[in-house]
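Reader: I am new to this structure and would like to learn how to read a few of its features. Please show it to me first.

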Amino acid sequence: MVEKDEDLLTLGKKQFRSRLIVGTGKYPTFEVMRDAIERSGAEIVTVAVRRVDLGARGKGSLLDYIDPGRYTLLPNTAGCYTAEEAVTTSLLAREAGLSDLVKLEVIGDQRTLFPDVVGLLEATKRLVKEGFTVMPYTNDDPITARRLEDAGAACVMPLAAPIGSGLGIRNPYNIRIIMEQAKVPVIVDAGVGTASDAAIAMELGCDGVLMNTAIAGAKDPLAMAEAMKLAVRAGRLAFKAGRIPKKLYAIASSPIEGMIDIE
């Protein structure tokens, strides 16, 4: 049961307690994937539609290892290079019963996997008209983020660094500008490498973090999944608590002003 004062992440008509979204690719086995997702505490799990046989449920498919009663499936359009491909893939996923949520990717370059923002905007507009809750993966450009929001996106998901790079947040200033102007959630997507990267994203004020490789590619995916869960929670708490201002010189934690002279 959701309490009134809970700190929830709202995406479209749905609310979530966890602000960590995790992927399903690159794990050594489906069993490790299943256990890592559980350890992460995530409630949303993203699945690459073009890399999963949607008709193979019950036959050892990836989807057999994800409990749809426990997790919200977030189909994504990874591998789509045009707006048309992304829209078609999203429609197929919904027809197969996955979700009307979609993590929208329209890739513009095979080497960097940076988004094609023109195609992304086109696909966003079309999918919003089709009744989807659209969560677009985009670059860290505030103008593009604003246009995606104007197009009806339920959130904006700027990259921290290239997909799978593990470089962490390369441009926190652009992320901050995006957050200042956005009226929808801002979720960092791509580039997180370790728990401190996730904590930094949340301390900046981001509403959530989406990751896959950082957990799946770790030496111990289960331990990293738990580390990410704790980092996202800690970063969110720190942001809400409000950090002290940064100062150039020291300030005594026990000031001498007002102390009694006992001599």
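Reader: Leaving aside neighbours within four places in sequence, which residues is Thr124 in contact with?

Author: Note first that this is a predicted model. Thr124 is in contact with Leu104, Val134, Pro136, Leu148, Ala151 and Ala153, once the neighbours within four places are set aside. Thr124 itself is found in helix 3.

Reader: Is Thr124 buried or exposed?

Author: The cut-off for buried is under 20% relative accessible area. Thr124 has 0% relative accessibility, so it counts as buried.

Reader: Which residues of helix 4 are buried?

Author: In helix 4, residues 142–150, the buried ones are Pro142, Thr144, Ala145, Leu148 and Glu149. They cover an arc of only 160° around the axis, and therefore sit on the same side of helix 4. Arg147 and Asp150, on the other side of helix 4, are exposed.

Reader: What do the buried residues of helix 4 pack against?

Author: Their partners are helix 3 (117–129), strand 7 (133–138) and helix 5 (172–181). Take Pro142, which lies in helix 4. Pro142 counts as buried because its relative accessibility is 13%. Not counting residues up to four places away in sequence, Pro142 touches Asn174, Ile177, Ile178 and Gln181.

Reader: Where do the buried residues of helix 1 fall, seen down its axis?

Author: The buried residues of helix 1 (residues 30–40) are Met33, Ala36, Ile37 and Ser40. Seen down the axis, they fall within an arc of 100°, so they line one face of helix 1. These buried residues pack against strand 3 (20–23), strand 4 (44–48), helix 7 (213–216) and helix 8.

Reader: At what angle do helix 6 and helix 8 pack?

Author: Helix 6 (residues 195–204) and helix 8 (residues 221–241) pack at an angle of about 25°, and their axes are 7 Å apart. That angle makes helix 6 roughly parallel to helix 8. The crossing of helix 6 past helix 8 is right-handed. On the side of helix 6, the contact is made by Ala195, Ala198, Ala199, Met202, Glu203 and Leu204. Helix 8 contributes residues including Met224, Ala227, Gly235, Arg236 and Phe239.

Reader: How many residues of that contact of helix 6 with helix 8 are nonpolar, polar and charged?

Author: The contact of helix 6 with helix 8 divides into 12 nonpolar residues, one polar and two charged.

Reader: What is the phi of Lys26, and what is the phi of Leu113?

Author: Lys26 is not a glycine, yet has a positive phi of about 75°. Lys26 has its place in the loop between strand 3 and helix 1, and with a relative accessible area of 57% it is exposed. Phi of Leu113 is positive too, near 60°. Leu113 is found in the loop between strand 6 (101–104) and helix 3, and is partly exposed, with a relative accessible area of 27%.

Reader: Which glycines with a positive phi follow helix 1 and helix 4?

Author: Helix 1 is followed by Gly41, with a positive phi near 75°. Just after helix 4 comes Gly152, with a positive phi of about 110°.

Key:
Residues numbered from 1 in each chain as written. Predicted model: local features only at pLDDT ≥ 70, side-chain atom pairs only at ≥ 80, totals over all residues. Heavy atoms only, no water. Axes fitted to C-alpha atoms, helices over the stretch in contact; angles between N-to-C directions. Helix = DSSP H or I, 4+ residues; strand = E, 2+ residues; numbered from the N terminus. Parallel < 35°, antiparallel > 145°, perpendicular 65-115°, else oblique. Left-handed = near helix turned anticlockwise from the far one by under 90°. Contact = heavy atoms within 4.5 Å. Nonpolar A, V, L, I, M, F, W, Y, C, P; charged D, E, K, R; others polar. Buried < 20%, exposed > 50% of the residue type's maximum accessible area, 1.4 Å probe, protein only. Arc of directions from axis to C-beta.
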